[in-house]
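Hello,

Please take a look at the structure below. My notes follow it.

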Amino acid sequence: MSTQANTMTAAGKSGAAEAAKSGIWVGIAAITMSFAAFTSAIIVRQGSDASWQHLALPPVLYLTTLILLGSSVTLEMSRRGISALTAGSASGEGGEAAAGGLRWLGGTLGLGLLFVAGQYVAWQQLAAQGIFLATNPSSSFFYVLTAMHGLHVLGGLAALGYVLRKLAGARPALRRSAYEAVCVYWHFMGGLWVYLLLVMRMRL
Amino acid sequence: MGKLFAVILTIIALVSAVPIVMHTWWMPQDISAHGHAIDEQMSETMAEAGFSFLAAQLLLAFFVWKFSNRKDDGKIRTFPGGAKGLVAAAFILVGTEMLALGVLGQKAWATVYFTPPAANALQVQAQAGQFAFYFRYPGADGKFGALHPDKIDEGNQNYFGLDPANDVEARDDIVTGELAVPVNREVHLMMHAKDVGHSFYVRELRIQQDFVPGLDLAVHFTAVKTGRYEIVCTQLCGLGHYNMKAYLNVMTQEDFDQWMKQKASEQ
Amino acid sequence: MQEASAQQVHQHAPPEGFIRKYVFSLDHKVIGKQYYALALVAVFMGMALSWLMRFHLIWPNSKIFGLELLSKVGAPGGVMTPEYYLSLMTMHGTLMVFFVLTNAPFAAFGNYFLPIQIGAEDMAFPRFNMMSFWTTFVAFVVLVLAFVIPDGPPISGWTAYAPLSAVGSDAGPGLGWGQNLWGISIAIFCVGSLLGSLNFIATTLDLRTKGMTLMRMPISTWAWFITSCISLLAFAVLLPACVLLILDRVAGTSFFIPAGLVVSDRLQPHAGGSPLLWQHLFWFFGHPEVYIAILPAMGIVSHVLIASIRRPLLSAKVIIYSMMSIGFLSYMVWGHHMFVSGMNPFSALMFSFPTLTITIPATIMTLIWLGSLYGAKIRITPASLFALGFISMFVSGGVSGFFLAQPSLDIVLHATYFVVGHFHMVMGVAAIFGVFAGTYFWFPKMTGRMMNEGLGKWHFWLTFAGTYCIFMPFHYLGLIGNVRRYSAFVDDFLVPLLPLHKFITIAAFVTGAAQFLFLINLIHSRFWGQEAPVNPWEATSLEWTVPSPPPFDNFGGKHPVVYHDAHQYGVKGSRGDYVMQDSPETVVPES
């Protein structure tokens with residue numbers, strides 16, 4: 001079955017198989033641009049506003065950062081097993097590796113969900129201090145950036161779930177490039193988060 | 001058919017150029033000290049743009065006339081010099097043209113924006129709000145009172161939000177609905193937006209500057225001809241945008257002093 | 001394996017049922033036509049709005065039949081109020097810029113022809129493609145909803161400058177829910193455009209058929225590819241800007257609203273925002289948007305022109321590199337919209353030079369087009385007329401850019417009809433001419449029927465002369481200082497200009513009416529037109545190797561092989577003076 005998928009991929013449609021990979025990089029370019037726009041907005045706002053009050057970030061964010069970075073590690077750990085799966089050797093030793101790969105992938109999904117929950121906790125903590133979206137410019141940016149990043153992470157989680165569902169079935173079928181694309185995107189989400197954390201932490 | 005295209009295009013190109021050459025519709029007379037630089041730049045640019053326009057349109061018309069629906073069964077020929085010649089021509093001709101315009105234009109821009117206002121310039125504050133301009137002179141003490149947006153009360157003609165009860169500097173401020181300035185004296189106009197974005201545009205003065213809420217902007221100019229000129233708003237500001245205007249009144253120094261005295265007594 | 005088999009089904013069998021075939025279709029050709037239809041609806045709406053506006057400017061107190069049905073508040077007794085003029089103006093601009101000029105030349109033709117021209121069966125991500133159209137459609141519906149809500153459409157113009165657009169209904173009619181709908185619509189539109197651009201880029205990079213090197217792609221494909229790169233980055237900036245604007249409006253944030261604003265006697269509860277931030281973000285998108293409209297038109301026109309003059313352009317490469325440099329420069333010039341907006345006057349100069357520099361690639365392209373006409377055998381058809389008309393319009397709209405690129409002249413010309421004339425000619429009319437050229441050229445391929453040539457030519461003459469009659473005088477008005485976005489001319493110096501405005505209005509009515517010739521032609525030819533052969537124009541690119549209209553998978557399951565670059569004309573070919581791109585024969589120069 002998955003061999004068949006691969007054969008089909010090889011039969012002159014190699015371009016289509018690669019498309020997911022270039023597609024994800026193009027998407028990353030667009031997302032980068034969007035967050036660059038947000039960043040420039042922050043710089044302008046801090047520059048034009050003498051009464052800027054910098055927000056103290058809730059400490060739980062450092063924990064969520066670790067969780068998100070950890071999820072990138074678990075995703076990398078899944079790579080060997082998934083390779084076995086997409087290569088079609090899902091029996092014997094390959095089968096064990098494949099099962100391991102799926103577990104790591106599941107772990108990644110779990111950590112991702114934990115990250116989102118952690119972000120929500122951070123919001124709750126700020127709200128408990130009486131700091132909301134419209135309280136001051138700094139808090140506005142905090143909520144907007146975390147929400148925007150969170151939305152993109154949710155998209156990544158949906159993609160991870162899709163990959164997991166496709167691979168965990170009785171007859172796994174997924175283009176290798178789709179899995180690679182999800183990996184690239186997920187690592188990018190981690191990097192983006194670290195960047196955003198720095199932007200929100202520092203006074204620019 | 002190609003010939004018809006050529007004829008129509010030629011007519012359009014020539015007719016379009018007539019009002020420009022004849023100055024049928026042109027900028028109004030310039031009453032500012034800095035405006036001649038802008039006007040010269042305009043003529044310069046018009047000459048270059050006009051030449052490019054006519055040359056390109058007439059060439060297009062000529063080529064279409066000559067090479068459409070050819071019956072001569074002739075061979076395809078290539079433009080002498082090919083692409084390379086044209087690219088080089090574009091780089092050299094247009095490049096220098098644009099560089100020249102850019103550098104010359106910089107001078108005209110610099111006279112407006114890169115020179116500080118003279119120390120003895122007449123200080124006036126302009127406020128733009130939906131849909132009127134107001135002007136404020138500092139009065140005898142030469143100082144403007146502070147603005148308090150919460151004190152704005154149009155019913156009581158407190159357009160700027162002054163607080164004369166507590167603020168000594170505000171007491172002698174003169175607020176008017178028209179901008180009166182003495183001729184040949186530099187004016188330093190400080191711009192304040194009350195609500196949304198507006199713009200200060202006096203065609204004859206060759207001055208246009210936006211009012212941006214939250215931003216302290218200023219322009220300075222010297223009017224060299226007496227008369228009344230329209231100040232209009234050019235930044236879309238709401239339903240009354242088209243009707244938002246005031247007058248710039250350029251007077252002799254004596255008339256201006258007289259006017260000032262009278263306004264001060266009216267406050 | 002399910003995935004793979006589904007994939008196979010998608011590749012080889014057309015979908016069944018009306019909904020999958022014509023509504024939620026994954027076929028890029030159907031999606032292209034859907035974009036075209038949406039743009040067609042939007043362009044006639046936008047044109048009707050411009051008629052209403054032009055009428056109001058000349059006869060401000062006259063009743064307009066039926067207008068009261070559109071809005072009782074905006075047109076009590078059928079007479080338009082000044083504020084409703086601004087509402088219609090905002091909608092005109094938004095519909096035209098987003099739903100016509102972005103959709104028609106780029107999304108519509110690009111979707112239909114980009115995959116075929118590179119020898120692909122479909123786009124790289126057909127599902128994304130379907131989503132991108134339907135997102136755009138939702139954006140359109142949300143925008144048009146503004147007509148029917150009590151608040152009416154916003155009056156802040158298509159540029160939606162803050163704080164007018166941000167402080168809410170205190171600032172005027174249409175600035176409550178009308179402006180909200182506008183912001184939401186544009187945000188959704190951004191998402192649709194991003195999906196579309198992503199698809200175009202991935203498709204061009206990965207789905208080219210054997211032998212189709214990048215430099216062998218037709219210029220039109222290049223134009224769509226470059227445009228999708230521009231559009232990807234531009235809409236990625238407009239989207240966050242819209243999000244922030246919406247938050248300012250509904251969530252009480254102050255991204256664009258500074259402290260101390262008193263609007264309608266109410267002190268606004270905001271502090272610390274920057275109105276210029278909106279302008280920077282908006283124009284960072286807004287200027288590239290001009291090229292999103294014009295570059296595909298340049299590509300289409302080049303494509304049409306080459307087939308019509310029976311010779312390759314003097315250099316296709318130069319055209320492609322020029323388009324690339326225009327695309328690149330378009331990101332460095334946004335500030336020229338803000339010369340008098342209170343931006344640092346030194347940065348005005350920094351924006352002026354790259355703007356003037358754009359003249360160089362633009363001139364190069366013009367000279368290449370003109371030089372290619374020399375010694376050619378020009379065939380006059382409606383398509384080639386519009387392509388030639390495009391060159392004329394591009395020049396006319398381009399030279400007025402000389403003025404607006406200079407901050408010193410912008411002092412005089414900013415926010416006048418000169419600007420309106422400039423951008424209508426270069427990004428409005430020129431881009432639409434590209435769409436017309438593309439339509440007359442590709443209609444046979446898209447429908448299998450020819451368009452009526454006589455009607456098409458009449459359409460061209462009226463439109464060509466008409467648009468000059470409308471937009472040339474705009475420049476004269478601008479020189480006098482006629483301010484744009486005025487719903488009536490009450491200033492002393494504007495009243496004497498009314499006769500010129502009357503001339504423009506009449507020209508607009510005639511030119512607008514001429515567009516119905518096009519509409520009639522389109523509809524009539526679709527059903528009763530002469531049947532089209534595979535290659536009616538003796539053109540060389542891959543779309544002319546497949547039946548008219550092309551089958552579901554374009555090439556009947558085969559993968560075409562490409563042997564030449566896309567424009568082999570003026571040669572000794574086996575069929576005439578051209579050699580098809582997929583023909584293995586060697587190309588023999590004519591002389």
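How many helices and strands does the secondary structure of chain B come to? Five helices and ten strands. These are DSSP runs numbered from the N terminus, with helices being H or I of at least four residues and strands E of at least two.

First, the ground rules. This is a predicted model, where local features need pLDDT of at least 70, side-chain atom pairs count only at pLDDT 80 or more, and totals for chains, interfaces and linings use all residues. Residues are numbered from 1 along each chain as its sequence is written, chains are lettered from A and ligands numbered from 1 in the order written, and side-chain values use heavy atoms, without hydrogens and water.

Now the shape of chain B. Its C-alpha trace spans about 90 × 35 × 30 Å along the principal axes. The radius of gyration is 26 Å, while a compact globule of 267 residues would have one near 18 Å. That radius is taken over C-alpha atoms, and the globule rule is 2.2 Å times the number of residues to the power 0.38.

Next, the domains. Chain B has domain 1 (2–69 + 82–113) and domain 2 (122–266), with bounds from an automatic or database domain assignment. Their C-alpha centres lie 38 Å apart. Still, 14 residues of domain 1 of chain B are in contact (heavy atoms within 4.5 Å) with 17 residues of domain 2 of chain B.

Last, the neighbours. Chains A and B have no contact, and their closest C-alpha atoms lie 9 Å apart.

Best wishes
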